[in-house]
Amino acid sequence: MEQGKLAGQIRRAAVIGAGVMGAGIAAHLANAGIRVLLLDVAPQSLTAQEERQGLSLSAPEVRSRLAAAAIAKLGKAKPAPLYDPAFAKRITPGNLADHQAELGKVDWIVEAVVERLDVKREVFALIDATRSPDSLVSTNTSGLSAEAMAEGRSESFRRHFAVTHFFNPPRYMKLVEIVPIKDTSSDTVARLAEVCERRLGKGVVLARDTPNFIANRIGTYGMLVTLADTLGYGLTVEEADALTGPAMGRPRTATFRMLDLVGLDTLLHVVDNVRERSADSGERAVFGRPEWLEKLVAAGHLGEKSGAGFYRKVKGEGGAGSRIESLRLDGEALVYGPQQSAGSATIDAAKAAKGAVAKVRALLQADPQSKHGLFAWSTIKKTLLYSAEQVGVIADSLADIDRAMRWGFNWELGPFELWDAIGLKGSADRMRQEGERIPEWVEAWIAAGNGSFYKEAVGQRLYAGYGSEPQAGSALELERGTANGGAWERAAGNDAGHEDTAEALQGETARSCGFMQPLRWKVEAAEPDVISLQALKAAGKTVLASAGASLIDLGDDVACLEFHSPNNAIGGDILAAIQKSVKEVEQNWRGLVLANEGRNFCVGANLLLLLMEAQSGEWDEVEEIIRLFQSSMLALKRLERPVVAAPHRMTLGGGVEACLPADRILLSPETYFGLVETGVGLIPAGGGCKEAALLAAERAGVPGGTRQSADVQPYLSALFETIALAKTSTSGHEAGRLGLMRPQDRVLLRQESRIAEAKRAVLELDRAGYAPRGEERIRVAGREGRALLQVAVQAMRLSGQISKHDALIAGKLAHVLAGGDVRPGLEVSEQYLLDLECEAFLSLCGERKTQERMSHMLATGKPLRN
């Protein structure tokens, strides 16, 4: 079956189970444009409201109440499960009793009911009796045995069945673990991987049918050893969290805040599942129930959902304010106290270091014999050794384990990447000196002269793996990165011998199966449809480079301008790179992509530089910065080659202004897009106001393209509100609702494909005979439009919604957007509006309260209302 077309075959889906995960999965399927039937059981009793309405248990709205209520909650949930609240209309509520026959009309059935084997088997029996012969069936179990769930089902069911373990919340967490059973067909695995990757934007890892699969198995082990070492080394929960968060390349929630977030009862359930299903006595001991967890759960302290766990929030006197308290671990009773500071040479060194690799090295090297240094080493050492023991048990490769931990637990470094970061040989020597047993395969790898698990070679990353590369047409080996698509696929024309090999994938006996062949360097398969700028630079494809940006050859005569300054903030170096890149592309290339691989696309202009110049009264310097920004954006807009911007995540202020000159903007689904300058007491002055005025004028035009029949004011007012209130989209789709997208712009299904998609868009525009845009004439609302905007500002000021300084900023914004003191309907030049932007921006820079806002944002990362 041809890859790339598989995902499009999933048009309708059913999700059974309308709880948190079931509703979340249904929402994300709807995000991808899939029509979803959400089913739950029919209630056995009426609610008080239903009784008052005179409804009976046979009423359709009662029988599908659970699913309908779950859908209604999606629009209010935080974080939002839907890209756009309107997408809830793609989900239809129902119940299993009345709508079982509908299961025969869908392409994919996802089971997400309670984590009980008996209940899941009942649901699968019902599905087996109803499903269409080619429909996929998957379970969202987080760790129950896939084989046990499918026991007794028909051959067709078993061939089309696998685990698809989504992580919570499904919209935001990248990982999906696919776990086949011995009868799962290669086509089923390929179809599930394809839809998860290409339609849902997920990172897929193939796991073996072992307790809790990959990420939860490693992650839970790490939490247990951290708790044990916290007690063993006499640390506070604050100290442990300071050492096991960003200092180890992990999220700020670290360990104990993460436990509270997940739920302590949930963790115990995961621990029990591994212990009860494991055949290894040593592992059963490791996954014993920690005493402190049992105490907390028994007392009803389950974490955030109950209001108390390892931390709790306490209201102040009379309900005013609140404070965070932490659990004291130095006694037997459940005692909380004020949060305690966590500082040491070890913690301070890790904080000061830049990047995950440097941080973890500083963590272990700053003061290695201190309490904090020994704790950090102990928890890292145990997690690395345990992860190494699981290669060939829970996953086929160490690369899969690393991907699962990065995508499922948001670790910056997977266990084997972390081991490389601290030095494989040196750390292994220390482990041996401390009496630790290093897995045989690791010892063999080191003995063969290897000093790392990964290495770079000609733009590819290699990893330590087993076996030989699969040959075209050879049977059975599951491999990623096939030439035509990149989904999981058994490279076989038939399934001969499949059962025996797939059986070898199951259970804890995998160490002795044929997968443990001699170690060799293997190419790490890339995600499908991904262009890696890092790999291209390593392969010598950099055309131009500066401290803040690089121009990179994407192939096919398309170049990419990559920002890589701190936080990708736009300063003089990036603006100079834009000017140089425009000249280079105009002469030698077919088009330009604006994209990067930073955490965020661009958080705006270099605010620190502006503040320093403003506080020094260097107004000529400030104006020069503004003019350089404006001229750089105009250069992009008037480039005689197509330009496509591909923003992702935070794209704020100047980041939006860098996108608006592009011929097309391809937003990642998780793009947080907004002109937010008013939050620091300024207005957009890099062309943002000018482009907003142009958007309003174009929206007022009739379909034929003239600008004479409609009033600009309604469109201008909507954009004025968006900019004045510094509104930021919570998704790429919401950027459209905020008025910041144009007809030619679109939202991608998958963030990781943004550079490849942008390159294709450039080539498409080039092939169509690209004609550059000339000087725009913009019809403005003029003095009457400005007056209407000012009325709205004064109304908000009088009602107390905005401060006096907010009103000043909004007034200047209204003046620029309306085109200043001119007659309504006048067509003005782009440069005229840019001059108005510059004048207003300079004026606001001189305001004390604006400078206070800028200072506060730089110090705290939060806006100041003054």
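The model is predicted: local features need pLDDT of at least 70 and side-chain atom pairs pLDDT 80 or more, while totals for chains, interfaces and linings use all residues. Residues are numbered from 1 along each chain as its sequence is written, and side-chain values use heavy atoms, without hydrogens and water.

**Helix pair**
- Axes are lines fitted to C-alpha atoms, for helices over the stretch in contact, and angles run from 0 to 180 degrees between N-to-C directions.
- Ala692, Leu695, Ala696, Arg699 and Ala700 of H29 make the contact with Tyr715, Leu716, Leu719 and Ile723 of H30 (contact: heavy atoms within 4.5 Å).

**Sheet**
- E12, E13 and E16 form an open three-stranded sheet in the order E12-E13-E16, with antiparallel pairing (at least two DSSP bridges between two strands).
- The edge strands, each pairing on one side only, are E12 (454-457) and E16 (519-523).
- The twist from one strand to the next averages 40°.
- E13 (residues 460-466) pairs with E16 over five bridges, and Tyr463 stands opposite Lys522 in E16.
- Helix H19 (residues 398-409) packs on the sheet and touches E12 and E13; its direction makes about 120° with that of E13.

Key
Helix = DSSP H or I, 4+ residues; strand = E, 2+ residues; numbered from the N terminus.
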